[in-house]
Each structure stands twice: as structure tokens, then as C-alpha cells.
Amino acid sequence: MPGSNVGGEWDELYDRENDVYYVSFGTGEPSYCVEVDDVLVVEVGLFSSLPTGYRLLNKSKIQTKPISNQEIKKRLSDALRALAAPTMGDREAAVGRSLDKVLA
């Protein structure tokens, strides 16, 4: 069932058998999943690093009130930071260590 948001349309699907609620923002961008907590899994674009959708696990068992956009943003940011790829500084240090070893 399509909905409407500031960025355009989204698609929703509730899988009753697995009790998972899916939302896709229809970007078409390849994505990977980031588990924000035991209930929320966010799909993140490989190229844009922006959310492309999300999943609510065990939706029928969710007893808590909805969390704020600010809380979701913080949890997603923390989860993405934990998965962060090495920085240029990390790679430069690795190159330096390996050169020191090879040229010693």
C-alpha cells in the first residue's frame, strides 16, 4: 500500500507469517541492512549512505509507543558509526607499518 512522505512515495508490506513489516522508499539503490535494535532494521544505500527503507521485526508483539525521529536518527547514526569502514588515516598507518616491516 503506497504512502506519501516529503521525499516521495514509499511501499509497505506486512508479512504476517514472519511478522515483519517492510517499508521501501523505492530508490532502487543497492542497500545493506543495519540492525538498530531488536525491533528496527534499517536498509542503507551502498552509495548514498542514506536510508532506503526499514523493517520492523515481530511487529505484532511491539508493545512500546513509537520512538521519535530524533531517537531513530541517533540509534541509526550510532549503528552506522560502529560499522564504519577504515578511514584514510587508518590505511595510511597500515601502509606505514607494512613498509617499516618490509624495508627493515
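**Notes on the predicted model**

1. F47 is exposed, with a relative accessible area of 68%; the cut-off for that label is over 50%. This phenylalanine belongs to the loop between strand 5 and strand 6. Apart from neighbours within four places in sequence, F47 is in contact with E29 and P30. Please bear in mind here, and in every point below, that the model is predicted.

2. The overall layout comes next. The protein chain has six strands and two helices. Read from the N terminus, the order is β-β-β-β-β-β-α-α. Of the 104 residues in the protein chain, 18% are buried. The chain exposes about 8000 Å², and 57% of that area comes from carbon and sulfur atoms. Taking contacts between residues at least 6 apart in sequence, 33% join residues at least 24 apart.

3. S49 counts as partly exposed because its relative accessibility is 44%, and the class covers values between 20% and 50%.

4. N58 also deserves a look at the backbone. Its phi is positive, about 50°, although N58 is not a glycine. N58 is located in the loop between strand 6 and helix 1 (69–82). With a relative accessibility of 39%, N58 is counted as partly exposed.

5. Is T52 buried or exposed? T52 is buried, since its relative accessible area is 3% and the label applies under 20%. T52 is part of strand 6. Leaving out residues up to four places away in sequence, T52 touches S24, F25, G26, T27, E29, S31, E43, V44 and G45. E29, one of the residues that T52 touches, is also in contact with F47.

6. How many salt bridges are counted? The count is one salt bridge. The partners are E43 and R55, whose closest N and O atoms are 3.0 Å apart. This pair links distant parts of the chain, with E43 in strand 5 and R55 in strand 6, 12 residues apart. E43 counts as buried because its relative accessibility is 15%, below the 20% limit. R55, at 27% relative accessibility, counts as partly exposed. E43 is also among the residues touched by T52.

7. The charged end of K59 sits over the ring of Y21, 5.7 Å from its centre. K59 also lies over the face of Y14, at 5.8 Å from the ring centre. As a separate matter, the count of aromatic pairs comes to one.

8. Where is D37, and how far is its C-alpha atom from that of L76? D37 is found in the loop between strand 4 (31–35) and strand 5. The C-alpha atoms of D37 and L76 are separated by 9.1 Å, and the two residues are 39 apart along the chain. D37 is classed as partly exposed because its relative accessible area is 23%, which is not under the 20% needed for buried.

9. The last point concerns the surface. V95, L99, V102 and L103 form a nonpolar patch there, with about 420 Å² of accessible area together. One of these residues, L99, lies in helix 2 (residues 88–102). L99 is partly exposed, with a relative accessible area of 43%; that value meets the patch rule, because the rule asks for over 30%.

Notes. Residues are numbered from 1 along each chain as its sequence is written. This is a predicted model: local features need pLDDT of at least 70, side-chain atom pairs count only at pLDDT 80 or more; totals for chains, interfaces and linings use all residues. Side-chain values use heavy atoms; hydrogens and water are left out. Patches are made of residues with over 30% relative accessible area and no salt bridge: like charges are joined within 9 Å, nonpolar side chains (Val, Leu, Ile, Met, Phe, Trp, Tyr) within 5 Å. Accessible areas come from the Shrake-Rupley method with a 1.4 Å probe; for residues, only the protein chains shown count as cover. A salt bridge is a side-chain nitrogen of Lys or Arg within 4 Å of a carboxyl oxygen of Asp or Glu. Helices (H or I, at least four residues) and strands (E, at least two) are DSSP runs, numbered from the N terminus. Buried means under 20% relative accessible area, exposed over 50%, partly exposed in between (1.4 Å probe, protein chains only). Contact means heavy atoms within 4.5 Å. Rings of Phe, Tyr and Trp (its six-membered ring) pair if their centres lie within 6.5 Å; planes under 30 degrees apart count as stacked, over 60 as edge-to-face and the rest as tilted. A charge sits over a ring if NZ of Lys or CZ of Arg is within 6 Å of the ring centre and within 35 degrees of the ring normal.
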